[in-house]
Amino acid sequence: MMDSDWYSSFVPSAPASSEKTPGHRRRASLLQQPHEATQADDPSDQLPILSEEDDNPLIKGPPQATLVKRALSYTHLRPADRLSHTTPPSTPTRKNSLSSAPKPNHVLRSNLDFATWYDALEDDLLDASHSDYELYYHQLNMSQHHLDSLAQSTNDALAILSSLSDSFKAVDEQTTAFHAQCESLITEQRRITDLADNMNHNLQYYAYLEPMTRRLNAPGAANLVRADEFPDMLKNLDQCLDYTQAHPTHREAPTYRSRYRLLLTRALTLIRVHFTNSLRALAADASQRIADRQLNDTTQTALLYAKFRVSAPELKQLGLEIQKRAVLPSGADQGGEAEYQSLMNELYQSYSATRGRLMFPIISRKLTEMAAVDNAVGDTVNFAKTAIGFVRGICLDEYDLWGDWFSGDGGVYEFLEAMCEPLYDHLRPRIIRETRIPKLCELCTFIQTRYMVDEEDDDMEYQDVASTKRSLDFAALVKPALEDAQSRLVFLALTVLRDDIENYRPKPEDLDYPSKARGPSTMTADGKRVALSGRKNSTNTTQVKSPGEEDDGVDMFETSWPNNEKQAMVWYPTLRKAIWLLSRIYRLVNSTVFDDLAHNIVHSTTVSLAWAASQISTKSSPADANLFLIAHLLRLKQQIVAFDIEFITPEVTFDFSSVTNTFYELRERGGLWNPASWVKLAAGGLMPRVVENMLDAKAELDGRLRAVINDFVNSFVSPITTSLTSPKKDAGSEASHVTAEIRTIAQKEVVSLRQKLDEYIQDIRTRETLVAAVRDQVILAYEDWMDKLSEGKGTSKIGKVSKKGKGREDEVWSTEVFAEWCERVFAVGVTSDEDSTET
């Protein structure tokens, strides 16, 4: 059926006996569990050993297998293939005879027995012929059984592997779960450890209370301040307070916070006690040494300052412990006081009182000696210079010593102000008794220039902030003395304003104008003007002095008269006093006070000059009065420019006096509840009046100056233009007579105008400006008159009009011709021939 060579390589030949020989034992599978390795193999897994009789020609084993070598390449493969497909050698033919047939067991008696035996023999022969196939079939069954057993073993191994995989997965899951449980246990352990650490950390802020309470309340707690660990104790108290403040939800946190605060207050109080005791001991030692022996200034200074500097560093550090805690907490009101600021103030007060008891007697004795020397001289300024210089030296030394004891300037200026009280006690009475304004001005100037710092100093802006060091602001200490001098100066200025300006009663010689106004004339004896120059000596200003004040110093605005002027105008006394007073107090008092005072001075001076002008008008002439007022107002306006007087804001108020009076009248008349009375009063102005109180001296001066200039110009224009407004009846109806009369009057009035101006006005430009104003008004009046004649509204006949060139005397001049004539007659700004040649 099929080649059995392959089987001979796996299964050896076995005898064909019916007995079962012991089969070989199948080696245990490597996939079998250890506990199953000792078990016997299943009988079904044993392979029987087949064998045949050698003498049976019908039974032969399979042919021997031919071993074919492995081909090394494709060329070697072809012969091997041919060799494997060659026909195996034929086996010898099996003999088929009945010789080998079994003998019948009995005698064949009949055909039936023979037939039966023959059939049996035929069956045996057939079976004998099929024995090879049966053997091969049996071998195939054996192989199939063996393969089935292998497949079953493989399935069993796969089942075992599957169970092992499931076991491994179960172990992995259990291991993962165990690992997760371990991780959770470790996390919980860490949490509990952190909780224990936090509890320990939190408890240490509460456990610090009892030992600290025992130490600070012990009998010898005062000596604890000098211990090295005392600053650490204060730091720990601060940390405990901060912790309880940051964790208000902890149990009994408010109680512990209040107790810690009491302990901190107790510790800082111990510092204050130690500080005060140390100061008292130093002061007692110094006082005892000063009282025991007479010490010179050098020894006394060393005792009062060097001895105090020895103990300063230690006590300064203790004071810093209080100062660090004397601050306002964040979010507190700025106007409030820190919790421990009172303890720091007690340190300041203790130090100030201790140093004051040592220094006050020395300062008072020294100032008393200076005052005794000054009483013989009576010079307030010299005493102030000496006394302020001495006190300044003391203040500088005390300021430096304060820096050795305390950090910062808190409380130092209150202490130094107390040290300056003896200076104020000696200087203030002298300032009050001083009645000379120049001396007070000198004192104010000395204090301002020597000690006061100018807030507008530009050099301070370029200083390096890092390079600036701690320095004494002595200006704040000497400011009360300056304010006393300024107050006294303002009081004397108001007295001068009241007595010498507002209530001044002029003497007859004070109103002797124009004799006091005789200046150099620009007119010659024949009525011709001298040469005028707009460049040379065009402005002449003088600074007058107050009567009786010539020896008080040279005025800051004083200038000299030009050399070519032989006589100067004598100014009215109130003007001289006002300018002198303004020049004295300028920049010596507060700017606001000066502005107010300057406005009052200018206003009172203007009123005084106006009153003097009215007196001169009755004694001399209106022209003299107007020129007097113009000259003095111009002089006043020129001087106040240098004083930089600020504008005064008007004060708007409501006057309810009329309303109040109306209510009282209605009540008296019984018509308070009558509606008709209310309607009548409302229509008549029942509302309050708006009152503006503005004292702007500059505006008042400018307004009065414009008014008096207009009056002066009109006083000369009116005589010239009288014939234009009201012509004479005997002059006829010809307009030429009117123009001739105007020209004649104008020529006379120009000479009088210039003579008056030369007497009062020294400035050439001012004189020419006034002459030009008169000329322009005359030309305008003539132009109006000509317009009326042209329109036929005039009372005179216009006649023939000269329009070009030089007008004829018997003709009416046009406006242009009359204006050219006025230019020649008034001669505004015309120079002489010599000046023209020089130019």
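Predicted model: local features only at pLDDT ≥ 70, side-chain atom pairs only at ≥ 80, totals over all residues.
Colleague: R325 and E321 meet in a salt bridge; how far apart along helix α9 are they, in helical turns?

Modeller: Their side chains meet at 3.0 Å, N to O. Both residues are buried, R325 with a relative accessible area of 12% and E321 with 10%. Because they sit four residues apart in helix α9, their separation is about one helical turn.

Colleague: Nice. R272 also forms a salt bridge; which residue is its partner?

Modeller: R272 lies in helix α7 and the partner in helix α10, 74 residues apart, so the pair links distant parts of the chain. R272 counts as partly exposed at 26% relative accessibility. The closest N and O atoms are 2.9 Å apart, and the partner is E346.

Colleague: And in the salt bridge between D500 and K577, is K577 buried or exposed?

Modeller: The closest N and O atoms of this pair are 3.7 Å apart. D500 counts as partly exposed at 28% relative accessibility. For K577 the value is 9%, under the 20% cut-off, so K577 is buried.

Colleague: Turning to the backbone, where does R587, with its positive phi, lie?

Modeller: Most residues other than glycine have a negative phi. R587 is not a glycine, yet its phi is about 65°. It counts as exposed, at 63% relative accessibility. R587 lies in the loop between α16 and α17.

Conventions. Residues numbered from 1 in each chain as written. Heavy atoms only, no water. Helix = DSSP H or I, 4+ residues; strand = E, 2+ residues; numbered from the N terminus. Buried < 20%, exposed > 50% of the residue type's maximum accessible area, 1.4 Å probe, protein only. Salt bridge = Lys/Arg side-chain N within 4 Å of Asp/Glu carboxyl O.
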